[in-house]
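Here is a short briefing to read alongside the model. Take a look at the structure first, then go through the points below.

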Amino acid sequence: MLFVGLAYAVLCGQAYPKFNKMASKKLLQYAVVGLGFGMDLHESLASGKEGMMFTVISVFGTLLVGWLVGRVLLKVDKNTSYLISSGTAICGGSAIAAVGPTIKAKDSEMSVALATVFMLNAVALFLFPLLGHWLNLSQQEFGMWAAIAIHD
């Protein structure tokens, strides 16, 4: 469905751009809050204990690599690079929605970051199973790797 919407926007142009801008911003913020209400606190704490150090290292490592690739290698502007790195490191669109207003990111920077993270996740959904088989990962190893890497 993502590709159908993308193809439509490329071929026909964006439908209702002013409404989409306003609605998508609000809906994303409400969705982040709604995700929080859907979580079981005890389950979250129990599962968090098991991989806390791994999570901390992977988040900071991803932020560092994202900064190096975005700012140093690709020369992407500061806010967009930070948003993409945050979205990649933490939890995709939710992180971008939370970080964007904090750093006073422009709508265009948020849009580029969201599109980048969603496209990377879409590619990963097809690529990761192939890589998991090629690397001969167990179900648990593959699950941990995919959970850390694919957020949306």
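Phe 3, Leu 6, Val 10, Leu 11, Met 119, Leu 125 and Phe 126 form a nonpolar patch on the surface, and together they have about 770 Å² of accessible area. This is a predicted model, in which local features need pLDDT of at least 70 and side-chain atom pairs count only at pLDDT 80 or more, while totals for chains, interfaces and linings use all residues. Residues are numbered from 1 along each chain as its sequence is written, and side-chain values use heavy atoms, with hydrogens and water left out.

**The surface patch**
- Patch residues have over 30% relative accessible area (Shrake-Rupley, 1.4 Å probe) and no salt bridge (a Lys or Arg side-chain nitrogen within 4 Å of an Asp or Glu carboxyl oxygen); nonpolar side chains (Val, Leu, Ile, Met, Phe, Trp, Tyr) are joined within 5 Å.
- Two or more residues of the patch come from each of α1 (2–12) and α7 (107–134).
- The most comes from α1, with four residues, and Val 10 lies in this helix α1.

**The overall fold**
- The protein chain has eight helices and zero strands (DSSP runs, H or I of at least four residues for helices and E of at least two for strands, numbered from the N terminus).
- A box of roughly 45 × 35 × 35 Å along the principal axes holds the C-alpha atoms of the protein chain.

**Helix α5 with α6**
- The axes of α5 (residues 78–89) and α6 (residues 93–102) come within 8 Å and cross at roughly 145° (lines fitted to C-alpha atoms over the stretch in contact, with angles from 0 to 180 degrees between N-to-C directions).
- Tyr 82, Leu 83, Ser 86 and Gly 87 in α5 meet Ala 95, Ile 96, Val 99 and Gly 100 in α6 (heavy atoms within 4.5 Å).

**Helix α5 with α7**
- Here α5 and α7 pack at an angle of about 35°, and their axes are 9 Å apart.
- On the α5 side, the contact includes Asn 79, Thr 80 and Leu 83, and on the α7 side it includes Glu 109, Met 110 and Val 112.

How values were computed
Patches are made of residues with over 30% relative accessible area and no salt bridge: like charges are joined within 9 Å, nonpolar side chains (Val, Leu, Ile, Met, Phe, Trp, Tyr) within 5 Å.
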